[in-house]
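Visitor: I would like to learn how to read a structure like this one. Please take me through it feature by feature.

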Amino acid sequence: NLSTVLLATGSNFLTDGKILTGNSQGLVKGSFGSGLVIDQLPQNDKIEKGSLVVTAGISEKIPKNILVG
């Protein structure tokens, strides 16, 4: 068996994510110095400051609803 571990704030980290209180989905990316960034959200979606972001579960490698920020 083999596992790969990535630092979530590292520039190689990328996973699908969603806003917990709505249906908005995007990509969660690691960004050195900035922590995590969620990108490619629909432009017209309204996201409230402080909203929680969880994994969306689109990828088979990462289960859904894991808190990422």
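Visitor: Where is the place of Leu 20?

Guide: This is a predicted model. Leu 20 sits in the loop between β1 and β2.

Visitor: Is Leu 20 buried, partly exposed or exposed?

Guide: Look at the relative accessible area. Buried means under 20%, exposed means over 50%, and partly exposed is in between. Leu 20 has 44%, so the residue is partly exposed.

Visitor: Which residues stand opposite Lys 18?

Guide: Take each partner strand in turn. In β2, Lys 18 has Gln 25 as its bridge partner. In β4, Val 54 stands opposite Lys 18. Strand β4 covers residues 53-55 and pairs with β1 over 3 bridges, again in the antiparallel sense.

Visitor: What order do the strands of the sheet have?

Guide: Follow the pairings across. The order is β3-β2-β1-β4, in an open sheet of 4 strands with antiparallel pairing. The edges belong to β3 (35-39) and β4. Each has a single partner strand, so one side of each lacks a neighbour in the sheet. From one strand to the next, the twist averages 45 degrees.

Visitor: How many bridges join β2 to β3?

Guide: There are 5, and these strands run antiparallel. Gly 30 provides one example: Leu 36 in β3 stands opposite that residue.

Visitor: Now a residue within a strand. Is Thr 15 buried or exposed?

Guide: Apply the cut-off of under 20% for buried. Thr 15, in strand β1, has a relative accessible area of 5%, so this residue is buried.

Visitor: What is Thr 15 in contact with, leaving aside neighbours within four places in sequence?

Guide: Gly 26, Leu 27 and Val 28 are among the contacts. Thr 55 and Ile 62 also touch Thr 15.

Visitor: How many salt bridges does the structure hold?

Guide: Think of charge first. Side chains of opposite charge can pair when their charged atoms come close. This structure holds 1 salt bridge. The side chains involved are those of Asp 39 and Lys 29, at 3.0 Å from N to O. Asp 39 belongs to strand β3 and Lys 29 to strand β2, so the pair ties together parts that are 10 residues apart in sequence.

Visitor: Are Asp 39 and Lys 29 buried, partly exposed or exposed?

Guide: Asp 39 is partly exposed at 32% relative accessible area. Lys 29 is partly exposed too, at 31%.

Visitor: One more loop. Where does Phe 32 lie?

Guide: Phe 32 lies in the loop between β2 and β3. The relative accessibility is 59%, so Phe 32 counts as exposed.

Visitor: What does Phe 32 touch, not counting residues up to four places away in sequence?

Guide: The contacts are Thr 9, Gly 10 and Ser 11. Gly 10 and Phe 32 are 22 residues apart along the chain, and 5.8 Å separates their C-alpha atoms.

Terms used:
Residues are numbered from 1 along each chain as its sequence is written. This is a predicted model: local features need pLDDT of at least 70, side-chain atom pairs count only at pLDDT 80 or more; totals for chains, interfaces and linings use all residues. Side-chain values use heavy atoms; hydrogens and water are left out. Two strands pair if DSSP finds at least two bridges between them. Helices (H or I, at least four residues) and strands (E, at least two) are DSSP runs, numbered from the N terminus. Buried means under 20% relative accessible area, exposed over 50%, partly exposed in between (1.4 Å probe, protein chains only). Axes are lines fitted to C-alpha atoms, for helices over the stretch in contact, and angles run from 0 to 180 degrees between N-to-C directions. Contact means heavy atoms within 4.5 Å. A salt bridge is a side-chain nitrogen of Lys or Arg within 4 Å of a carboxyl oxygen of Asp or Glu.
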